Amino acid sequence: MSAAPVDTAAVAALVDRYALAWSDPDPARRRALLAEVLTPGASYIDPRVHAETPGALALYIDRVLAQRPGARVLRTSGVDVHHGMARFAWHVVQADGSTLPEGIDVVWLSADGTRLERIVGFFGPLPRPADADTARKP
């Protein structure tokens, strides 16, 4: 059985709208963007936070942007989509034009593929095998 065809361009546009929510300086517009791209029960997790609702994610983004005024999140890769999930790379461009290390997000799509229902973010490059082995040891 083959999977239903995926409109990768539509998912990429959805991801870009989501990144825009991380970049807009206006809290009301950020919340409107999040309402547009997230399911009502969407969750977000990264190494620093576990936001269990879109409202909690909006508050987290408020705090992040307060620490980095003028920062923007930009997608830096294509969007890889399969089985209702997608992954993409991104980085933060600060107000002075400097960039932070690239991260990746893995997202779960709604059943119709038009919204995000779960987002898991990772910061920085993947660890090298020796680093990963060391991290696993007690």
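# Pocket, salt bridges and contacts in a predicted model

M85 is partly exposed, with a relative accessible area of 25%, where buried means under 20% relative accessible area, exposed means over 50% and partly exposed lies in between, for a 1.4 Å probe and protein chains only. The structure is a predicted model, in which local features need pLDDT of at least 70 and side-chain atom pairs count only at pLDDT 80 or more, while totals for chains, interfaces and linings use all residues. Residues are numbered from 1 along each chain as its sequence is written, and side-chain values use heavy atoms, with hydrogens and water left out.

M85 is found in strand β5; helices (H or I, at least four residues) and strands (E, at least two residues) are DSSP runs, numbered from the N terminus. Although M85 and E117 are 32 residues apart in sequence, their C-alpha atoms are 9.9 Å apart in space.

## The largest pocket

Rolling a probe the size of a water molecule over the atoms shows where empty space is left. The largest pocket has a volume of about 460 Å³. On a 1 Å grid over the protein atoms alone, a pocket is an open set of points with protein on both sides within 12 Å along at least five of seven lines, whereas a cavity is a set of points where a 1.4 Å probe fits but cannot get out; lining residues have an atom within 4 Å of a point. Grid points are joined across faces, edges and corners, and the volume is the space filled by probe spheres set on the points.

Of the 21 residues that line this largest pocket, R48, R68, W90, V92 and F123 are the closest to its centre. At least two lining residues come from each of β1 (38–46), α3 (54–67) and β5 (85–93), and α3 gives the most, with five residues. Sorted by class, the lining has 14 nonpolar, two polar and five charged residues, where Ala, Val, Leu, Ile, Met, Phe, Trp, Tyr, Cys and Pro count as nonpolar, Asp, Glu, Lys and Arg as charged, and the others, Gly among them, as polar.

## Salt bridges

The structure holds six salt bridges, a salt bridge being a side-chain nitrogen of Lys or Arg within 4 Å of a carboxyl oxygen of Asp or Glu.

| Pair | Distance |
|---|---|
| D16 and R75 | 2.7 Å |
| R29 and D24 | 2.9 Å |
| D62 and R31 | 2.6 Å |

In the salt bridge between D16 and R75, D16 lies in helix α1 and R75 in strand β3 (residues 72–75), so the pair ties together parts that are 59 residues apart in sequence. D16 is partly exposed at 33% relative accessible area, and R75 also counts as partly exposed, at 29%.

For the second pair, R29 counts as partly exposed at 46% relative accessibility, whereas D24 counts as buried at 10%.

Salt bridges that share partners join R30, R31 and D62 into one network.

## A buried charge and its polar contacts

The side chain of D46 makes a polar contact with the side chain of Y44 at 2.7 Å, and another polar contact, of 3.0 Å, joins the side chains of D46 and Y60. A polar contact is a pair of N or O atoms within 3.5 Å; within protein, one must be able to donate a hydrogen and the other to accept it, and residues adjacent in sequence count only if both atoms are side-chain atoms.

## Residues in loops

S23 lies in the loop between α1 (8–21) and α2 (27–37) and is buried, with a relative accessible area of 16%. The side chain of S23 reaches the backbone oxygen of A19 at 3.0 Å.

H83 has its place in the loop between β4 (80–82) and β5, and counts as exposed at 67% relative accessibility. Phi of H83 is near 50 degrees, a positive value in a residue other than glycine. Most residues other than glycine have a negative phi.
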